[in-house]
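Here is a look at a two-chain model, written for someone who likes to know the cut-offs. Have the structure open while you read.

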There are 2 protein chains.
Amino acid sequence: MPLVGLSDIRDGIEKELADFVSTRANALREIDAYLAPVANALSQYIVSGGKRFRPTFAYLGYLGAGGEPSQSALRACSALELVHACALIHDDVMDGSDSRRNMPAIHKRFESQHIESNFSGSAERFGVASAILLGDLALSWSDWLLDESGMSNQAITRANQVFQEMREELMVGQYLDVLEGALGKSNRERSLKIANLKSGKYSIERPLHFGAALAGADSAIFKTFSEYGLPLGQAFQLRDDLLGVFGDSKVTGKPSGDDIREGKRTVLIAMALASANPSSRDEIESALGNTNLSEVETTRIQVAIEESGARAECERLIDQLLDESLDSLKESYVAAEVKSLLEEIANLATKRSS
Amino acid sequence: MPLVGLSDIRDGIEKELADFVSTRANALREIDAYLAPVANALSQYIVSGGKRFRPTFAYLGYLGAGGEPSQSALRACSALELVHACALIHDDVMDGSDSRRNMPAIHKRFESQHIESNFSGSAERFGVASAILLGDLALSWSDWLLDESGMSNQAITRANQVFQEMREELMVGQYLDVLEGALGKSNRERSLKIANLKSGKYSIERPLHFGAALAGADSAIFKTFSEYGLPLGQAFQLRDDLLGVFGDSKVTGKPSGDDIREGKRTVLIAMALASANPSSRDEIESALGNTNLSEVETTRIQVAIEESGARAECERLIDQLLDESLDSLKESYVAAEVKSLLEEIANLATKRSS
């Protein structure tokens with residue numbers, strides 16, 4: 001398995017995920033025929049898309065730390081995508097989001113099954129219960145995939161230390177995010193802190209450290225990956241903030257302006273509220289969390305945020321964080337070919353449109 | 001650490017759980033002061049009670065397979081209680097249950113926090129989101145506790161194979177249970193199959209196998225534990241069915257007749273529907289899932305189930321399964337002192353009143 005391009009790595013991750021979930025889905029169908037909808041829904045959800053950033057960063061972390069290219073390492077890194085599947089499935093329940101990647105959210109899919117099958121009781125409750133359990137299953141599977149990756153016990157033990165921290169940070173980052181919405185006030189410092197937990201650490205720094213731990217790296221590599229990963233993670237999250245307000249629904253797979261209706265207290269929103277004139281500020285504040293916002297009203301809020309200068313400020317900050325991130329690689333002793341892949345993915349992660 | 005009685009084992013488990021959650025709770029408070037409610041709620045939930053059957057069975061499995069009594073093994077076995085905490089927290093969200101162990105369910109606790117703190121948005125939604133995330137955190141912590149138990153990498157790897165199967169069976173057992181309620185018809189075969197997955201395997205057989213795997217047991221021990229654990233697990237679940245209908249709320253910590261209002265399709269209910277006269281059958285059927293059932297109506301249903309003969313049939317079946325379970329130990333080469341503990345806990349698990 002030679003060192004290759006980002007798209008080969010991604011293809012490898014897809015294959016490992018598809019292999020694993022097809023084995024597990026078959027096992028479920030054997031336990032009980034009534035588990036077919038669970039097997040189908042969860043395996044389709046996991047194999048149908050997603051950018052695979054976290055396993056890719058993990059594998060680059062592994063290679064960057066001097067790990068030999070191997071299918072086992074690729075398989076171990078793919079475990080991160082199962083944690084992410086749990087996060088997305090549960091997130092959609094918590095947000096009440098109906099769709100993800102242009103498909104119905106898992107709770108909506110099971111709600112529809114309830115209605116179509118004329119089940120008794122509440123279809124909504126059935127959908128939510130199913131989604132909670134499918135998310136739990138994906139989270140449980142994440143350990144399973146790592147354990148059976150074929151990496152040595154020592155490598156798995158090292159990676160597990162990072163894996164545990166990463167999952168805890170994800171869960172508490174999600175909680176703080178929900179809490180921020182409930183507190184109902186925007187504060188750029190708090191929003192940055194949460195973005196740092198949820199993206200800086202969870203999406204980029206921890207995956208790189210996970211891979212480095214798999215490879216048995218020394219502390220210098222961990223430090224380089226933090227210097228590269230933390231600013232990049234912030235930039236990644238800022239891009240998410242921009243897409244959550246200005247994204248094209250055909251590309252993102254989520255309705256345009258979703259973050260406004262969900263009342264998300266993002267860094268972008270904090271910037272807009274700090275810079276907008278009083279009447280625009282009031283307008284933005286009252287739109288946040290209004291789930292009935294019309295398309296016309298959404299457009300007005302988008303314009304208000306744009307005119308506050310927050311969109312441009314966000315773009316400038318992304319560029320600055322990206323530069324900072326890439327600078328960290330220059331002096332590091334990460335192999336040149338891995339450096340160029342890390343540069344390529346940094347650009348992808350911050351300049352994406354979905 | 002000498003081989004001791006069940007109450008010493010239980011005390012040891014309490015201590016390991018308290019140690020672990022206090023370390024993690026402090027770590028959360030250090031990540032962010034706003035995480036104090038999460039740290040407090042989850043650590044109180046985990047340390048405040050529960051019968052600790054699963055870690056106890058696991059430790060007995062470890063000892064029965066010839067493992068040396070050790071704090072590390074006790075710590076590793078305590079990981080099972082964290083999986084169970086996730087199951088209970090999520091179960092209460094799915095069932096819409098307001099209390100657990102005479103305390104508010106986690107989603108209710110966070111719903112109250114929302115109301116008392118005058119947060120914005122829906123208090124119910126905030127409660128549900130928090131409970132989903134706290135359950136996810138408990139599930140993630142279960143691996144963490146096993147990993148840092150101090151057992152060897154080899155022992156952890158062996159135990160993990162059982163752990164993975166166990167968690168998958170738990171999640172799919174829960175799903176099948178929810179589905180059975182939605183299908184809205186009782187079938188003794190199906191109910192038994194689900195009880196077997198949820199209790200036979202999850203609560204008893206798998207914990208014993210987990211402990212046996214930690215100790216590096218041979219296949220004869222695994223077989224003995226299946227023969228002991230599966231009938232015992234069924235008896236354990238039948239006791240749960242009886243307590244869910246006839247239990248004393250002061251002892252169980254749940255309102256009396258909770259299973260009727262939740263519409264649970266248990267083996268007991270299937271027996272009652274099969275044996276009751278037509279008018280009682282209709283009465284029971286229409287009460288199942290009626291969340292507004294009054295106390296008087298609940299008593300009428302309890303009487304109808306009793307008069308159908310199902311309660312007595314259930315008790316007879318419990319006795320029979322318990323005998324079957326204990327018989328399996330006679331010819332086995334489990335050490336005599338562990339055998340007597342397994343007999344003691346089998347009686348406790350099937351004759352309990354909460």
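## Ground rules

This is a predicted model, so to read it: local features need pLDDT of at least 70, side-chain atom pairs count only at pLDDT 80 or more, and totals for chains, interfaces and linings use all residues. Residues are numbered from 1 along each chain as its sequence is written, chains are lettered from A and ligands numbered from 1 in the order in which they are written, and side-chain values use heavy atoms, with hydrogens and water left out.

## Where the chains meet

On the chain B side, B:Tyr34, B:Glu168 and B:Tyr175 supply 14% of what that chain buries against chain A, more than any other three residues.

Eight salt bridges run between chain B and chain A, a salt bridge being a side-chain nitrogen of Lys or Arg within 4 Å of a carboxyl oxygen of Asp or Glu. There is also a salt bridge joining the side chains of A:Asp32 and B:Lys193, at 3.3 Å from N to O.

## Salt bridges

Over all chains, the structure holds 59 salt bridges. B:Glu148 pairs with B:Arg75, their closest N and O atoms being 2.6 Å apart. That pair links distant parts of the chain, 73 residues apart: B:Glu148 is in the loop between helix H6 (123-147) and helix H7 (153-183) of chain B, and B:Arg75 is in helix H4 of chain B. Helices here are DSSP runs (H or I, at least four residues), numbered from the N terminus. B:Glu148 counts as partly exposed because its relative accessibility is 38%, while B:Arg75, at 13%, counts as buried. The cut-offs are under 20% relative accessible area for buried, over 50% for exposed, and partly exposed in between (1.4 Å probe, protein chains only).

A:Arg10, A:Glu14, A:Arg52 and A:Glu81 form a salt-bridge network.

## A buried glutamate

A:Glu169 is in helix H7 of chain A. With a relative accessible area of 5%, A:Glu169 is buried. Leaving aside neighbours within four places in sequence, A:Glu169 touches A:Leu197, A:Lys201 and A:Arg206.

## Cavities

The whole structure has four cavities of 30 Å³ or more. A cavity is a set of points on a 1 Å grid over the protein atoms alone where a 1.4 Å probe fits but cannot get out, and lining residues have an atom within 4 Å of a point. The largest cavity has a volume of about 50 Å³, volume being the space filled by probe spheres set on the points, which are joined across faces, edges and corners. Its lining includes B:Tyr45, B:Arg52 and B:His84, and H4(B) gives the largest share, four residues.

How values were computed: 1 Å grid on protein atoms, 1.4 Å probe; cavity = no way out; pocket = protein on both sides within 12 Å on 5 of 7 lines; lining within 4 Å. Helix = DSSP H or I, 4+ residues; strand = E, 2+ residues; numbered from the N terminus. Contact = heavy atoms within 4.5 Å. Buried area = accessible area lost by both parts, 1.4 Å probe.
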